[in-house]
Amino acid sequence: MRVLGVTGYGTRLPLAGEEKTNLGPECPSCGEPWLRGTNLAGRYRCVYCLRRFELRSECPNCGAHSTIARMSDTANVTCRNCGGSMLSPI
């Protein structure tokens, strides 16, 4: 008999050997996967710590410059050169 891990709120915890669900990009401040786009292009907010971020065209880590695609897709928040975050706090 297999027992499922269940929390008190009705959500199921992953068991050993199961893949972790991708909840979205991680917040640069708190590290939680709750970063969401806002109604303004290039702006993001962490649902967990409520901090706001702006998508920059220059990477704060390596200084590489790239164009900003004004889409709702969150694939453009990481630097293609170093893999760092292209977000800066507001």
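Mentor: Cysteine 62 is partly exposed, with a relative accessible area of 40%. Keep in mind throughout that the model is predicted. The closest cysteine sulfur to that of cysteine 62 belongs to cysteine 79, at 3.7 Å, and this is too far for a bond. Cysteine 27 is buried, at 3% relative accessible area. Its closest cysteine sulfur lies in cysteine 46, 3.8 Å away, again too far for a bond. A disulfide is counted when the two sulfur atoms are within 2.5 Å, so neither the 3.7 Å between cysteine 62 and cysteine 79 nor the 3.8 Å between cysteine 27 and cysteine 46 qualifies. The total for the structure is zero disulfides.

On strand β4, Tyr44 and Cys46 make up the covered face, while Arg43 and Arg45 make up the uncovered one. The sheet itself is open, has four strands in the order β3-β4-β5-β6, and is paired antiparallel. Its edges are β3 (35-37) and β6 (87-89), each of which pairs on one side only.

Now the pairs in order. β3 and β4 run antiparallel and are joined by three bridges. Within this pair, glycine 37 has tyrosine 44 in β4 as its bridge partner, and Tyr44 belongs to the covered face of β4. The two strands form a hairpin with five residues between them, in which glycine 42 takes a positive phi near 80°.

β4 then pairs with β5, antiparallel and over three bridges. Here arginine 45 stands opposite arginine 52 in β5, and Arg45 belongs to the uncovered face of β4. This pair is also a hairpin with five residues between the strands, and leucine 50 in its turn has a positive phi of about 65°.

β5 and β6 are paired in the antiparallel sense as well, over three bridges. Phenylalanine 53 faces proline 89 of β6 in this pairing. Serine 88 also sits in strand β6, and it is buried, at 18% relative accessible area. The cut-off for buried is under 20%, so the 18% of serine 88 places it in that class. Leaving aside residues up to four places away in sequence, serine 88 touches Arg52, Phe53, Glu54 and Arg56.

Two of those contacts, Glu54 and Arg56, take part in the salt bridges, of which the structure holds two. One of them is between arginine 43 and glutamate 54, with N to O at 3.6 Å. This pair links distant parts of the chain: arginine 43 is in strand β4 (residues 43-46) and glutamate 54 in strand β5 (residues 52-55), eleven residues apart. Arg43 is on the uncovered face of β4, and its relative accessible area of 30% makes it partly exposed. Glutamate 54 is partly exposed too, at 23%.

The other salt bridge joins arginine 56 to glutamate 54, where the closest N and O atoms are 3.2 Å apart. Arginine 56 is partly exposed, with 41% relative accessibility. Through shared partners, the salt bridges bring Arg43, Glu54 and Arg56 into one network. In general, side chains of opposite charge can pair when their charged atoms come close.

Of its 90 residues, 22% count as buried; cysteine 27 and serine 88 are examples. Among contacts with a separation of 6 or more, 30% come from residues 24 or more positions apart. The accessible surface is about 6,900 Å², and carbon and sulfur atoms account for 50% of it.

Technical notes. Residues numbered from 1 in each chain as written. Predicted model: local features only at pLDDT ≥ 70, side-chain atom pairs only at ≥ 80, totals over all residues. Heavy atoms only, no water. Salt bridge = Lys/Arg side-chain N within 4 Å of Asp/Glu carboxyl O. Buried < 20%, exposed > 50% of the residue type's maximum accessible area, 1.4 Å probe, protein only. Pairing = 2+ DSSP bridges. Contact = heavy atoms within 4.5 Å. Areas by Shrake-Rupley, 256 points an atom, 1.4 Å probe, with all protein chains shown as cover.
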